[in-house]
Every structure is written in structure tokens, then in C-alpha cells.
Amino acid sequence: MNPFWALRVHEPTSGIGHAYTNLEQIKLEQLTQGDVTVEVHYSGINFKDALATTGRGKIMKRYPLNAGIDAAGIVIESRNPQIKVGQKVLVAGAGTGESFDGGFAEIMRANSESVVPLPEGLDLREAMILGTAGFTAALALHRMLENHQKPPMGPILVTGASGGVGSFAVQLFSQMGFAVHAVSGKHEAIRYLETLGAEKVIPPSELGLGSRPLESVKYGGVVDNVGGKLLTQAMAHTQLWGNICCIGLADSPDLHATVLPLILRGVSLLGVSSNNTPHELRVKLWNKLGQEWKPRHLERTLTRTVELKDAMEACEDLMHRRVTGRILVRIRQGE
Ligand SMILES: NC(=O)c1ccc[n+]([C@@H]2O[C@H](COP(=O)([O-])OP(=O)(O)OC[C@H]3O[C@@H](n4cnc5c(N)ncnc54)[C@H](OP(=O)(O)O)[C@@H]3O)[C@@H](O)[C@H]2O)c1
């Protein structure tokens, strides 16, 4: 096979001090091992990809490594009898673009546990508009429903709402009959979030949350992408038996809270780890995303499509909070 293009992250050097990324041509033999080889058609940009490619976060477990925690494409070689050559698949999580070469490349090798047959109801492009962002929002919905979250308990507060995970959380919860209050620091995203189904869009400065361990109940539950102070405050305003799904750390990994909401209101703090989701649940949720949970405004969520050569610039934009919704990466020309 001829050499192919990949966006490859290299070890930090003493001169630069952090990992650095190049668009370069590599050979198949340079890829990390896996029993399935995929011709990648699309990927998408997630917060983790932006941290990895810009060197702002220590994401890669080894160097050099192709970035991209998501990929969708066609199988060109398989040692797993259940995955056939010519089959359309998506690859996400289970260390993709972190421990193994990822989807910002024309070809990738994957381990079967990270490979999901393309769900009915999605094409390769739609699967990557969703990407890990859509999957994680679905995982949050799944965990909260499993723990008895119900619309009459009150509105769901979604933080970091204009981002990838936030945009899909707003859609999925509103489609399931929940009132959604979206928190966004972007004034220009108000109309966008209303279109996706938010009943209210509120800037963080106007939330009016208190700082005592228990405050008046305002929310039935919370989907949190930012961590830190906002998460702590939102906990204190959560309804009896409400759920808080802790997804991200866009603001901070810190959580300085008391146990009072948990022990006096029965509030549950639920974690999600898209990367470590068991394969069976991964396949189940992806299938739901192609069917009954398919976001109604999937195309509206896509705000930009870039070629592989422009993915670095898009990652910088994401890091500087200049992105609303999702950025799709078109890996193969002419798709
Ligand atoms: N647990 C998991 O499995 C999992 C999976 C995927 C992602 N994540 C995490 O979830 C978070 C969101 O990921 P994403 O891919 O949706 O990223 P994204 O598209 O960049 O969205 C993050 C959003 O958070 C808000 N934000 C950014 N910087 C902030 C800051 N300093 N303070 C407060 N808010 C800030 C912005 O929303 P507004 O401008 O609208 O406020 C931004 O659009 C990230 O922390 C990511 O690492 C976790």
C-alpha cells in the first residue's frame, strides 16, 4: 500500500516543552496493531483531540501517534470473522487516538472492541457529525434514565451547551420530553440552542446560583460539561432524587462540594466514560442514535466541515472556545 496522510502527534521536545503535531505521510507498517484495517472517510473534532493536537493536554499514552478519537469508514482488511471487508463501520473510544493510532488519517487499524458496525439510520458522515460527542450525550441520557430521571422532576440544566456534547445533550433530553435550560457563555449561540430544543438559554453570569451547600431547588437534573464552580453550585440546586451527570472539565477538573445534596436530597452524581464503555452498551447506544434517539437537528449541529490539512486550525479554534456545535473532518476528497 502507498504511503498515506496522517495528523501525527510527536513526543514533547525540550525545545518546545509540549507534544507537537505534523501532517505527514506514513506507511501501514507504522500504524499501531489491530485486527481490523479501515479506510477512513470521516472523523470529527472533540475536546480531547484539541487537547492532544495542540499539546495543551497530555492525552497520548505513546508517541508518535495519529490523533483522532473518532473515525468512520470502510473495512479493507479484517482478522475478525464478524467484521467483513467492505463493511461500513465506526471506530470510537477504547483508546482510539490515545493509546492506538486514531482517525485523523486516511487509514487506521483498530481493535475489534472499538469497532461498531455502522448503525441502521446513519451514513458515515452522520455518524461522525455525532462522533464521541453524540455518543457521550446518549450515554448521559442512558445513565440518567436508568437512575429514574423523569421530566416532572424539573428542567435539565446543560452546561457548556453550545459545544459538541452540550448540543447533543440539549437535543436528546428535549426530544425525550425534558425541559432543557442551556448554559452558554456565547451570546451568539442563543438562537442555535433554542432551535435545538432549549426552553431557556442562560449565560453563566445570569444563572443566579447560590453558594451554600443546599439551595432552593431549581433543576430536576444536570448534564455538566465544565466542572469546577458551576458544577458545585448546580448540585446544591438539584431536586430530590435528581441526577447530575458529570461529563467534562472544560472549565476545571475540580469539585469542591459537600455531601449534603447527596445525603439530604438523595441526589446522585453519575460519571460517564465514553472511552471505557463496554462494547455491548456501546453498540446498543449507537443503534439508538441511528433510530429513536437520532437527533432531529443533526445537520444544524454541524457548523463546519474541514479537510484533514485544516484539522489543526479547527482544534485551535475549539481550544479558544470559538466553536459552536460540531466540526466534521472529511478525510477522503470528493466525499
Ligand atoms: N466523560 C466522557 O466520556 C467525555 C466524552 C466527551 C467529552 N468529554 C468532556 O466533555 C467536555 C465537552 O467536550 P466537547 O467535545 O463537547 O467540547 P467542546 O465542543 O469544546 O464544548 C465545550 C463547551 O464548554 C464550554 N466551555 C469551554 N471552555 C470553558 C471554560 N473555560 N469555562 C466554562 N465553559 C467552557 C463552551 O460552551 P459555551 O461557550 O456554550 O459555554 C464549549 O463550547 C470536555 O471537557 C471533554 O473533555 C467527556
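Visitor: Why does glycine 57 count as partly exposed?

Guide: In this predicted model, glycine 57 has 16 C-beta neighbours inside 10 Å. A residue is buried with 20 or more such neighbours and exposed with 12 or fewer. Glycine 57, with 16, falls in between, and therefore counts as partly exposed.

Visitor: Where is glycine 57 placed, and which residues does glycine 57 touch?

Guide: Glycine 57 sits in the loop between H1 and strand S4 (65–66). Leaving aside residues up to four places away in sequence, glycine 57 touches Leu51 and Ala52. The C-alpha atom of glycine 57 is also 8.8 Å from that of alanine 19, with 38 residues separating the two along the chain.

Visitor: What makes the peptide bond of tyrosine 63 and proline 64 cis or trans?

Guide: Omega at this bond is about -15°, and the bond is cis. Most peptide bonds are trans. Proline 64 belongs to the loop between H1 and S4, where glycine 57 is also found.

Visitor: Which residues of H1 and H9 meet?

Guide: From H1 come Phe47, Asp49, Ala50, Thr53 and Thr54; from H9 come Met312, Cys315, Glu316, Leu318 and Met319. Sorted by class, the contact of H1 with H9 holds six nonpolar, two polar and two charged residues.

Visitor: How do you know that H2 is roughly perpendicular to H7?

Guide: The angle of helix H2 (residues 124–146) to helix H7 (residues 279–290) is about 105°, and the axes lie 10 Å apart. Since the range for roughly perpendicular is 65 to 115 degrees, H2 is therefore roughly perpendicular to H7. On the H2 side the contact has Leu130, Gly134, Phe135, Ala138, Leu139 and His142, and on the H7 side Leu285, Trp286, Lys288 and Leu289. Seven of the residues in this contact are nonpolar, two are polar and one is charged.

Visitor: Why does alanine 94 count as buried, and what is its phi?

Guide: Alanine 94 has 22 C-beta neighbours inside 10 Å. The cut-off for buried is 20 or more, so alanine 94 counts as buried. Its phi is positive, about 50°, although alanine 94 is not a glycine. Most residues other than glycine have a negative phi. Alanine 94 lies in the loop between strand S6 (88–92) and strand S7 (107–110).

Visitor: Why is arginine 321 called partly exposed?

Guide: Arginine 321 has 13 other C-beta atoms within 10 Å. Exposed requires 12 or fewer and buried 20 or more, so arginine 321 is partly exposed. Arginine 321 also has a positive phi, near 60°, and is located in the loop between H9 and strand S16 (326–330).

Visitor: Which domains does the domain assignment give, and how many residues does their contact take from each?

Guide: The assignment gives domain 1 (4–118 + 299–330) and domain 2 (133–274). Nine residues of domain 1 and 14 residues of domain 2 make the contact. The domain 1 side has two nonpolar, five polar and two charged residues.

Conventions
Residues are numbered from 1 along each chain as its sequence is written. This is a predicted model: local features need pLDDT of at least 70, side-chain atom pairs count only at pLDDT 80 or more; totals for chains, interfaces and linings use all residues. Two residues are in contact if their C-beta atoms, placed from the backbone, lie within 7 Å. Helices (H or I, at least four residues) and strands (E, at least two) are DSSP runs, numbered from the N terminus. Ala, Val, Leu, Ile, Met, Phe, Trp, Tyr, Cys and Pro count as nonpolar, Asp, Glu, Lys and Arg as charged, and the others, Gly among them, as polar. Domain bounds come from an automatic or database domain assignment. Axes are lines fitted to C-alpha atoms, for helices over the stretch in contact, and angles run from 0 to 180 degrees between N-to-C directions. Angles under 35 degrees count as roughly parallel, over 145 as roughly antiparallel, 65 to 115 as roughly perpendicular and the rest as oblique.
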